[in-house]
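Welcome, and thank you for taking a look at this one. Please have the sequence and the model open side by side as you read.

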Amino acid sequence: MVRSAKLKRHVPIVSSLLPLLYASTVHAQVPQSVFAPAGPVARTQGGLLSLTLYVAIGIFIVVGSILFYTIIRFRAKPGDPIPKQIHGNTTLEVIWTVIPIIILTVIAVPTVRHGFSLASPPTDDVLEVRAIGHQWWWEFEYPELGIVTANELRVPVGQVIYLTLESKDVIHSFWVPRLAGKMDVVPNRVNAMWFVAEEAGIFYGQCAEFCGTSHANMRLRVVAQPADEFNAWVAGRQSVEAIVPANDLVARGKELFESTGTCFACHTVDGTTAAGKVGPDLSDFGGRTTLAAGMLPNTPENLAAWLRDPQAIKPGALMPRLNLSEADIEALTAFLHSLM
Amino acid sequence: MATHHEVLQASRAGVFLPRPVSTTGFWSWVTTVDHKRIGIMYFFTSILFFLVGGIEALIIRTQLFAPDLKIVSADTFNQLFTMHGTTMVFLAVMPLSAAFFNYLLPLMLGARDVAFPRLNAFSYWMYLFGGIFINTGWFVNAAPAVGWFGYANLTSTTYTPGLATDYWTLGLQILGIGTLVSGFNFIVTILNMRAPGMSLMKMPVFLWTTLVTSFLIIFSFPSVTVGLILVTFDRLFNTNFFEVAANGDVVLWQHLFWIFGHPEVYILILPAMGIVSEILPTFARKPLFGYSVMVLSTMLIGFLGFGVWSHHMFTVGLGPVVNSIFSLATMAIAIPTGVKIFNWVSTLWGGSIRFKTPLIFALGFIFQFMIGGLSGVMHSSAPSNAQQQDTYFVVAHFHYVLIGGALFALFAGIYYWFPKVTGRLMNEKLGVINFILMFIGFNVTFFPMHFLGLMGMPRRIYTYDAALGLQFWNQVSTVGAFILAAGVTVFLVNFVISLARGEKAAADPWDARTLEWMTSNPPPVYNFAVTPVVSARDEFWARKYEGVAAKESAAALEEAKKHGIHIPGNSYFPIIMAAGITVFCYGLLYSGALAIAGLAVTILSFFGWAFEGVGGTIIYPEGDAR
C-alpha cells in the first residue's frame, strides 16, 4: 500500500485516542478509584460499598460517642466510693444483639441479591475476550474476531464484554476498578467476569494478586472506543497483509525483528515472519498508549530504554538483555512504532 | 516477705543425661520448666522479633514514600513484606500472648505450674529455634518472598527455586509444633488444675479466652500443617499436589491455609480481648459487665471462626452460592464481637475510672478495634469485596485489629502486670507519652490506607505509578510509621528505666480483683504456699470488699512448711529435642547426614524425656509465706 494511504488509514485510529486521553483526564487524578464507576458492575459494587461504609460510619459515631461520654462522665474523683458492682443486664444484652442483627440484614439482602445478579451477565450482544495472565503481562484474545493483542484491551463503548480469565503460570488477578471489581486469574481454572464501559476513555488497571518479582509492574489499560472506531481497529487488525516498511529505518527494524534481533523467537507481528508466542503480541504496538504492560508512556525514548535493558525497567522480566547497538535500537523503535 | 529454702531432690534418675538441679545461673534458665521463667523468655524474645518486624515495616514504608523509589530492589521488597507479616504474626504477637498465658495461667487458676512443664519449655524452644530458622534466609540470600500466606503455585520450585520458600514452609512447621503443643498444655491445665471452688464460670475471663484460643489452635493448626507438608513434598520430593502441569489444584492450598488462617486471627485477638476484660474492671472498680454473655460470645467467635474462611477467597471465582454463604457467616460473627464491645463500654459505665496507663491502652484498644471490626464488616459483602480484596483497604483493616487492637491490649497488659513480675511500677508519665505517640503514629500510618485501597492501590507492590495519585497518602502513612516507631522507642526506654529504678510496687498496686494479685512481687517459685480455696468470681475482690473469708486453713500452711512443696524438675530434653527437630529441618535443606543426625537426637531425647524420672525440688516456705 502506498505510504500516504497507509497513513490515512491510521489517522482516525490515532486521533480517536486524543479525545479518549482527554476524557480520562477528568478522572486523571485518581484513575484507579473505586468511587468513579464507569460501568454497571462497578456501580453496583460501589453502591454496596457505600451502603456498608455509611452503616460503618453510623455505628462508629454512635458507639464512639457513647464510649467518649462514658470515660468523661465516670472518671474517678477523689473520695469516690466503690461503685455499685453491677454484673449485667439481660434486657440490654437482648437489645444490643437484636439491633446488630437488623442492621446486618440490611446489608445481607443486597449482598446476596447482587452476588447472584452480577454472576449472570447479560447474554445479548456480548463480545467475548480471553484474558490470559503471564508473569508480568496480559494477553488478550478475541476468539470471535481472530485477534490477539496484549496489555491494552480495546473494547467498544456500551457493549457487554465477557472476559474469561486463564493463567499461563501463577495466580494473578484482573482489576480495572472503574469498570468492575477484581477476579482472580488461576492456573488450571477458567474464571469469568463481565463489564460494560459506558463512556469512552482509557481505564487503568493492574494485577491484584502477588505473582512474583514484578507483580507491581503488571499493569493494564482498557481502551473503550465508540463502536465505529472500534470496528475500524478490528478491520485493520483482521486484514493481515505483509507489512511494507514506510522508510529505510523501518525496513531495517523489520529485518532485525525477523532475524538477528531475535525478537521473532518470542513475539508475533502480523504481516511479518515473526510468530513467537512467548511474549506479548506486538502487531498493534504503535497504537498502544503504554509499554511494558502499562508501565511507561509509549514514547521513542521509553521504548529505546526498554530495548536497551528490560530488566532495569521490569525486574525479573523474561525478556533478556539483547545487547543491541544504538543504531539497531533506533531502527527497531521506528519499526515498532509503525505498527498500528 | 516470703522466704524459703530448698532441698534438692535426691532422685536424679535421668536417661543419657541427669536431670539438672541448679535453680540459679544461666543453665538453670536453659533447662527451666518454671512457667514464670518461660513466660519471661517468651516476652523478651517476642519483643526482639517485634523490633525486627518493625524495622522491616519501616523499610517498606520508606520505599513506598514516593513512586519509583529505589531504596530496595523489587525482590528485597517482596522478602521484606513476607518476613514482616510472618514475623509479626508468628514471632511477635502470638508469642507475646503466650508470655501472658505462661506467666499468668497458673497464678490466676491458683495452681503451681501448667499441666506439662517440660512440654511448656519445649514450646518455647521450638518458638526460638523456629524464629531463628525462618530468619536464617536473610543471611544466605534466601529470605522467603512468597507473602505470609504463600499461595501455590508461586511456592512451586518452578517459580521460587532455591531455599527461600523451604525456609518458610519448614520454619512454620517448627513454629506450628511448638504452638500446637502449647494449646494442648493450656487446655489440660485449665480443665484440670483450677483451684478448689473455681468452677469454669468463676474463672477470670482471660482464662476463658486462653481456653478458647487453645481450642482454636489445636483444631486449626493441623490444616496448615497438612498444607505445608503438601508444599514441602512438592518441593523436596517431586510430588504434584499443587503442580499445575500435573493438574494440581492451587485453590486447595488456599482452602487448607485459610481454614487455619481465619481461626488464626482469632487466636491473635482473643488473648488481647481477655487482657482488656481483666483491666477494665480493675480500673473502673466494677466487675466485667455480662460475664456469661462474654464467655458465650468468646465461644461463639471461636466456633463461628471456623465457618468463614472463604471470605479470604471471594475473588477466587467460587461462585455466588459459596460467596453468599460465607458473606452471611462473616456477618454473623460480627454479632458476638459487637456484643463484647458493648459489654466493655458497660463495664466502664457507672464506674469510677482511674486513668492509669494500662487503662489508657485498653481504651485505645476499644476505639481502634471498633474501627477495624467495622471495616471487616465492609469486607464481608462479597460483591463489594471485589473492590477491596488485595488492596490497601484490607491492609488498613487488619492493622487496625492487629496493632490498634491486639498490640495495644498487649501493651496494656505489660503495663498492668509489670509490677507483679518485677516488683516495680512502670513510669506513668512515660507511659502516657508512649501511648500518645503510638496512638497518633498508628492512626496516621494506617487510616490513610483505607483511602489508598479505595483509590486503587493493590497490596504487595514495591512501587506504584506516579499517575495514580497515590503519593500524598503514602507520604502521610510513612511519616506516621516513624511516629509509631518513636512511640515504641519510648516504651522500650520506659521498660528499661522502670526495670532499673521504677517505683517499688505493693503486691496489689491497682486494687485488683483476681488471684495473682494475692501473691508477692514476683510470686514465689511455688506461686501459692497453700492452694487458694475459691467461692466467688473475682475472689480477691470479694475477700477485700465483700466480706468473703479466706478459706485456706492454717493447718494446710503448716503442712506446706513442714513437708515442703514439690516443684517440677528442670530438664535438658525440651531444648535438646527442639534442637534436634530444627537440625533435622536444616538437614532437609542442606545435607542428608545432618537430617539423620537431627532425627536421631530427636528420637533419643524422646526416650530421655519419657524415662528420666520424676526429678524435682522440694521447697519449704518459711516465715510469712502464704
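Is Asp390(B) buried or exposed? With 23 C-beta neighbours inside 10 Å, Asp390(B) counts as buried, because the threshold for that label is 20 or more. Please keep in mind throughout that this is a predicted model.

**Backbone details**

Asp390(B) is also worth a look for its backbone: this residue is not a glycine, yet its phi is positive, at about 60 degrees. Asp390(B) is found in the loop between α11 and α12 (392-422) of chain B. Ala292(A) sits in the loop that runs between β11 (290-291) and β12 (296-297) of chain A, and Ala292(A) is buried, with 24 other C-beta atoms within 10 Å.

Two cis peptide bonds deserve a visit as well. In chain A, Gln135(A) and Trp136(A) are joined by a cis peptide bond with omega of about 0 degrees. Trp136(A) belongs to the loop between β1 (126-134) and β2 (137-142) of chain A. In chain B, the bond from Asn521(B) to Pro522(B) is cis, with omega near -15 degrees, and Pro522(B) lies in the loop between α14 (471-501) and α15 (539-545) of chain B.

**Helix pairs in chain B**

| Helix pair | Axes come within | Crossing angle |
|---|---|---|
| α17(B) and α18(B) | 7 Å | roughly 160 degrees |
| α10(B) and α13(B) | 10 Å | roughly 10 degrees |
| α2(B) and α4(B) | 10 Å | roughly 15 degrees |

How do α17(B) and α18(B) run relative to each other, roughly parallel or antiparallel? Their crossing angle makes α17(B) and α18(B) roughly antiparallel, and α17(B) passes α18(B) in a left-handed crossing.

By contrast in direction, α10(B) and α13(B) are roughly parallel to each other. From α10(B), the contact uses Thr357(B), Ile360(B), Phe361(B), Gly364(B) and Ser375(B), while α13(B) supplies residues including Glu428(B), Val432(B), Phe435(B) and His450(B). This contact has five nonpolar, five polar and one charged residues.

The angle between α2(B) and α4(B) makes them roughly parallel too, and their crossing is left-handed. Among the residues that meet there are His35(B), Tyr42(B) and Phe49(B) in α2(B), and Pro117(B), Tyr124(B) and Leu128(B) in α4(B). The residues of this contact divide into nine nonpolar, four polar and no charged.

**Inside the model**

Which residues touch the most other members of the largest nonpolar core? In that core of 276 residues, they are Val276(B), Ala362(B) and Ala412(B). The helix that gives the most to this core is α3(B), with 23 residues. Setting aside neighbours within four places in sequence, Val276(B) is in contact with Trp344(B), Ala362(B), Phe365(B), Ala409(B) and Ala412(B). Another core, of eight residues, lies apart from the largest one; its members include Tyr526(B), Ala529(B), Val530(B) and Ile565(B).

Not counting residues up to four places away in sequence, Leu452(B) touches Tyr392(B), Met457(B), Leu470(B), Trp473(B) and Asn474(B). The C-alpha atoms of Leu452(B) and Thr391(B) are separated by 8.0 Å, although these residues are 61 residues apart along the chain.

**Where the chains meet**

How many residues of chain B are in contact with chain A? There are 78, and they contact 75 residues of chain A. Elements of chain B that give two or more residues to this side include α3 (74-109), α7 (250-284) and α10 (357-379). The largest share comes from α9(B), with 14 residues. By class, the side of chain B that touches chain A has 45 nonpolar, 25 polar and eight charged residues.

Key: Residues numbered from 1 in each chain as written. Chains lettered and ligands numbered in written order. Predicted model: local features only at pLDDT ≥ 70, side-chain atom pairs only at ≥ 80, totals over all residues. Axes fitted to C-alpha atoms, helices over the stretch in contact; angles between N-to-C directions. Helix = DSSP H or I, 4+ residues; strand = E, 2+ residues; numbered from the N terminus. Parallel < 35°, antiparallel > 145°, perpendicular 65-115°, else oblique. Left-handed = near helix turned anticlockwise from the far one by under 90°. Contact = placed C-beta atoms within 7 Å. Nonpolar A, V, L, I, M, F, W, Y, C, P; charged D, E, K, R; others polar. Core = buried A, V, L, I, M, F, W, Y, C linked by C-beta atoms within 7 Å. Buried ≥ 20, exposed ≤ 12 C-beta atoms within 10 Å, placed from the backbone.
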